[in-house]
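Subject: Structure handover

Hello,

Here is the structure I said I would pass on. My notes on what was found follow it.

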Amino acid sequence: MMILSVAQPTRLANAGCFSPFPFELQTVVFCHLTSFQDVFSFAATCHRLQDVWLEGVTTIYRHVAKVSITCEPHARILLADQGGPATKVGIRSAKNVHQMLRNQSMVYKAIAQFESDIVSKVRTGGLRAEEYYGPGIDGHPPYLTRTERRRFIRSYYQLWGLLNLDNLQQRQSRLHSVSLKQLLYLCEMSWLPNGMGPGEDVDSQSGGAIYQQRV
């Protein structure tokens, strides 16, 4: 099988290197990219590749999202809660992908704010920091660890999704489907000082309200 390099998509596409290849093979090239920014840049090089992206968005999304969207299953549930296609249905349009990326951007902004306002001020007290964060470290690093970051992202998506559910029965059903441990994370997430998502406000009583609905 011919191995195609996509390291320089603009030069290759402008040279017409991909034009003779069938749609399926061009889709494979897209699927081997590691970020949607690369996908958008590659698609923008010519009309043919843009058509491949728009027609093959479901397949391309499924492959690229695996390596570029952290906690993608939870991000996907949020998209459905926002009126996007149901989780059992594949991503159907580039518009859906852009919404997923906008949501991801909001989560990353929340992480940056949380690290600046909270994490950088964490003190370990009497705990031996080296046992948790590695040799030579005498306190929590000024950023979320890899595990903490995934936990934050997952909980943020989950709580944001709950806020999009107007039906009380649906919200209660969703809450009953999570573990008590995850419920605790959701309660903690509800105390974020800057709200949840664009235009979503979480007041100081949300954590208690969520817990009461669960129990």
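Helices (H or I, at least four residues) and strands (E, at least two) are taken as DSSP runs and numbered from the N terminus. The model is predicted, and local features need pLDDT of at least 70, side-chain atom pairs count only at pLDDT 80 or more, and totals for chains, interfaces and linings use all residues. Residues are numbered from 1 along each chain as its sequence is written, and side-chain values use heavy atoms, with hydrogens and water left out.

The chain as a whole

The chain has 12 helices and zero strands. It has 215 residues, of which 39% count as buried; buried means under 20% relative accessible area, exposed means over 50%, and partly exposed lies in between (1.4 Å probe, protein chains only). With contact taken as heavy atoms within 4.5 Å, residues 24 or more positions apart make up 64% of the chain's contacts with a separation of 6 or more.

The core

A nonpolar core here is a set of buried Ala, Val, Leu, Ile, Met, Phe, Trp, Tyr and Cys residues joined through side-chain atoms within 4.5 Å. The largest one holds 45 residues, and Phe 30, Phe 36 and Trp 53 touch the most other members. Elements giving two or more residues to this core include helix H2 (23–31), helix H3 (36–43), helix H4 (47–55) and helix H7 (94–117). Leaving aside neighbours within four places in sequence, the contacts of Trp 53 include Phe 30, Phe 36, Ile 60 and Val 97.

Phe 42 is in helix H3 and is buried, at 1% relative accessibility. Its C-alpha lies 7.9 Å from that of Phe 30, 12 residues away in sequence. Gln 50, in helix H4, counts as partly exposed at 37%.

A 1 Å grid over the protein atoms alone is used: a cavity is a set of points where a 1.4 Å probe fits but cannot get out, a pocket is an open set with protein on both sides within 12 Å along at least five of seven lines, and lining residues have an atom within 4 Å of a point. Grid points are joined across faces, edges and corners, and a volume is the space filled by probe spheres set on the points.

The second largest pocket holds about 190 Å³. Helix H5 (57–68) and helix H6 (72–81) each supply at least two lining residues, and H5 gives the most, with five. Among the lining residues are Tyr 61, Arg 62, Glu 72, Arg 76 and Ile 91.

Arg 76 sits in helix H6 and is buried, with a relative accessible area of 6%. Beyond neighbours within four places in sequence, Arg 76 is in contact with residues including Tyr 61, Thr 87, Ile 91 and Met 100. Met 100 is 24 residues from Arg 76 in sequence and 7.5 Å away, C-alpha to C-alpha.

The H5–H6 loop

Cys 71 lies in the loop between H5 and H6. Its phi is near 55 degrees, a positive value in a residue other than glycine. Cys 71 is buried, at 7% relative accessibility.

Regards
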